[in-house]
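This briefing sets out selected features of one protein model, grouped by topic. Please read it alongside the sequence and the coordinates.

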Amino acid sequence: MSNLSLNLVWLYPDLMNTYGDRGNILAFLYRAKKRKIDLKIITVSLKDSSDLILQADILFMGGAQDTQQEIVNKDLFSKKGRFLKEMIEKDIPGLYICGGYQFLGRFYKTSDGKILPGLEIFDIYTESPKTQAKRLIGDLIIKSKLFPNRYLVGFENHNGRTYLGKKVSPLGKVIFGGGNNGKDQTEGMIYKNSIGSYMHGPILPKNPELTDFLIEKALEIKYKKKIKLKKIDDGFEKKAKKQVLKKIKIKFK
């Protein structure tokens, strides 16, 4: 596989990168390089032109703490949100983690009842518990319809509880952990070719099938033909996943 190239637009890397989300970028770069795919990283933050988003073949946004999220939310509403929505609606593949996932929903309801509007791209909403409910922290293991015979594993750390509407489907069913809200056994969301998730860790190094899914979709959309990625050695990735599953006493798949 050669003479193929992709642009990955990394949104707000200086602000939305609290939980090791750069590891997801490294996973994209590694698996593209192994297949001789030229993957260019385009970083887009507050001072960068919104038009850069339109160059994306893949989109990525990580998570952050409240202060950084407020800054990013303001910029999305005033400048970049409409460009992001345009690309998502065009089926451009993307991965949105934690705060990046929440931003694109209908709204965020704070613990004191204040409603913070979202970009309304995804049919989801998020609430902070009114009581002193425990944060959802720890290992997170799901079964996803994207990969029926495998587990996806990660680490969650969030207080917000996200609920899915009818226009999206869950990324997977929770086998261990809290997931979207700790109640309905859903984790993450799929809309078109966009994936939202609470899995930090980061998610992609331990789940190479998800990295490949996004790369493959991006290539198919760009080159307008069916693409089958060449298999590469997943030995280290499988060991990392196996260690998480072993700790929870789940048989590796």
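**Overview**

N3 is exposed, with a relative accessible area of 74%; exposed means over 50% relative accessible area, buried under 20%, and partly exposed in between, with a 1.4 Å probe and protein chains only. The model is predicted, so local features need pLDDT of at least 70 and side-chain atom pairs count only at pLDDT 80 or more, whereas totals for chains, interfaces and linings use all residues. Residues are numbered from 1 along each chain as its sequence is written, and side-chain values use heavy atoms, with hydrogens and water left out. Helices (H or I, at least four residues) and strands (E, at least two) are DSSP runs numbered from the N terminus.

**The segment before β1**

- N3 is located in the segment that precedes β1.
- Not counting residues up to four places away in sequence, N3 touches K36 and Y223; contact means heavy atoms within 4.5 Å.
- Between N3 and D38 there are 35 residues in sequence, and their C-alpha atoms are 7.7 Å apart in space.

- Strand β1 (residues 4-11) runs parallel to β3, and four bridges join them; two strands pair if DSSP finds at least two bridges between them.
- W10 has F60 as its bridge partner in β3.
- Strand β4 (residues 94-97) is also parallel to β3, to which three bridges join it.
- M61 has Y96 as its bridge partner in β4.
- From β3 the chain crosses to β4 through helix α2 (residues 66-89), in a β-α-β crossover that is right-handed. The term means that, with the strands pointing away from the viewer, the path from the first strand over the helix to the second runs clockwise.
- Within strand β3 (residues 58-61), I58 and F60 point one way while L59 and M61 point the other way, and all are buried.

**D75 in helix α2**

- D75 is a residue of helix α2, and at 6% relative accessibility it counts as buried.
- Leaving aside neighbours within four places in sequence, the contacts of D75 are Y12, S45, L46 and K80.

**The sheet β6-β5-β7-β10**

- An open sheet is formed by four strands in the order β6-β5-β7-β10, with mixed pairing.
- Its edge strands, β6 (115-117) and β10, each pair on one side only.
- On average, neighbouring strands of this sheet are turned by 20 degrees against each other, direction ignored. The axes are lines fitted to C-alpha atoms, for helices over the stretch in contact, and angles run from 0 to 180 degrees between N-to-C directions.
- Strand β5 (residues 107-109) runs parallel to β7, joined by two bridges.
- T126 in β7 stands opposite Y108.

**The sheet β9-β8-β11-β12**

- Another open sheet has four strands in the order β9-β8-β11-β12, and its pairing is antiparallel.
- Its edges are β9 (147-158) and β12 (186-187), each with a single partner strand, so one side of each is left without a neighbour in the sheet.
- Strand β8 (residues 136-144) and strand β11 (residues 172-176) run antiparallel and are joined by four bridges.
- G172 in β11 is the bridge partner of S144.

**Aromatic residues**

- Seven aromatic pairs occur in the structure. Rings of Phe, Tyr and Trp (its six-membered ring) pair if their centres lie within 6.5 Å; planes under 30 degrees apart count as stacked, over 60 as edge-to-face and the rest as tilted.
- Y101 and Y198 pair edge-to-face, at 5.3 Å centre to centre with 70 degrees between the planes.
- Y101 is in helix α3 (residues 99-103) and Y198 in the loop between β14 (194-197) and α4 (203-206), so the pair ties together parts that are 97 residues apart in sequence.
- Y101 and Y198 are both buried.
- Y125 and Y163 form a stacked pair, at 5.4 Å centre to centre with 25 degrees between the planes.
- This pair links distant parts of the chain, with Y125 in strand β7 (residues 124-127) and Y163 in strand β10 (residues 161-164), 38 residues apart.
- Y125 is partly exposed at a relative accessible area of 24%, whereas Y163 is buried at 19%.
- One aromatic cluster consists of Y96, F122 and Y191.
- K143 lies over the face of Y151, 5.1 Å from the ring centre; a charge sits over a ring if NZ of Lys or CZ of Arg is within 6 Å of the ring centre and within 35 degrees of the ring normal.
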